Amino acid sequence: MRVFLDANVLFSAAKSDGAIRELLTLLERSGHPCWVDSYVIEEARRNLEAKAPGQMSALERLLSRMKTASAQRVDPTLEASLPLPAKDRPVPAAAIHQGCDAVVTGDRTHFGALYGRTIHGVTIHSPRSLAEALRL
């Protein structure tokens, strides 16, 4: 399964050596490539610099193991069809564009109502629901 990571997942994995970092390790060991794009990377860097600047090297180590795509405006009609605030739409749009099967995000505020839903072929997951779906 190709998994697209939201910025908050990158932030959490870089900030502490906890459950999210372990999830990414399990995904990698199980052969599930993790995808990011420059949009989510920049958001994760911005948040980490503000809240845990000492963990920037952890983020860079994590990113070295990811598949990275450049952020690009996908189809504006596609983005407009996504039931999310405008600032969050690039995340599932990038996952769709990269041919990913899932987006994993801890953003319950904006994505929570979409957990478990498949939109344009991409299923939206919380970290826990992805781990459960893949039996990790």
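1. Valine 3 has cysteine 34 of β2 as its bridge partner. Two strands are called paired if DSSP finds at least two bridges between them. Strands here are DSSP runs of E with at least two residues, helices are runs of H or I with at least four, and both are numbered from the N terminus.

2. A word on the model before going on. It is a predicted one, where local features need pLDDT of at least 70 and side-chain atom pairs count only at pLDDT 80 or more, while totals for chains, interfaces and linings use all residues. Residues are numbered from 1 along each chain as its sequence is written, and side-chain values use heavy atoms, with hydrogens and water left out.

3. Zooming out, β1 and β2 belong to an open sheet of six strands in the order β3-β2-β1-β4-β6-β5, and the pairing is mixed. Which strands stand at the edges? They are β3 (67–69) and β5 (118–119); each has a single partner strand, so one side of each has no neighbour in the sheet.

4. In total, the chain has eight helices and six strands. Read from the N terminus, the elements go β-α-α-β-α-α-β-α-α-β-α-β-β-α. The radius of gyration is 14 Å, close to the 14 Å from the globule rule for 136 residues, so the chain is as compact as a globular protein of that length. (That radius is taken over C-alpha atoms, and the rule is 2.2 Å times the number of residues to the power 0.38.) Along the principal axes, the C-alpha atoms fill a box of roughly 40 × 35 × 25 Å.

5. Now the inside. Of the 136 residues, 46% are buried, where buried means under 20% relative accessible area, exposed over 50%, and partly exposed in between (1.4 Å probe, protein chains only). The largest nonpolar core holds 46 residues, and Phe4, Leu5, Leu10, Leu24, Leu27, Val36 and Met66 have the most contacts inside it. Helix α1 (residues 7–15) gives this core its largest share, six residues. A nonpolar core is a set of buried Ala, Val, Leu, Ile, Met, Phe, Trp, Tyr and Cys residues joined through side-chain atoms within 4.5 Å.

6. Valine 36 is worth a click. Leaving out residues up to four places away in sequence, valine 36 touches Phe4, Leu5, Leu10, Ile41, Leu63, Met66, Lys67, Thr68 and Ala69; contact means heavy atoms within 4.5 Å.

7. There are five salt bridges, each a side-chain nitrogen of Lys or Arg within 4 Å of a carboxyl oxygen of Asp or Glu. One of them joins aspartate 17 and arginine 21, with the closest N and O atoms 3.8 Å apart. Aspartate 17 is exposed at 66% relative accessibility, whereas arginine 21 is buried at 18%.

8. Finally, Glu42, Arg45 and Glu60 form a network of salt bridges. Glutamate 42 and arginine 45 sit three residues apart in helix α3 (residues 38–51), about one turn, and their closest N and O atoms are 2.9 Å apart. From arginine 45 to glutamate 60 the closest N and O atoms are 3.0 Å apart. That pair links distant parts of the chain, helix α3 and helix α4 (residues 56–63), across 15 residues. Glutamate 42 is partly exposed at 40%, as are arginine 45 at 24% and glutamate 60 at 35%.
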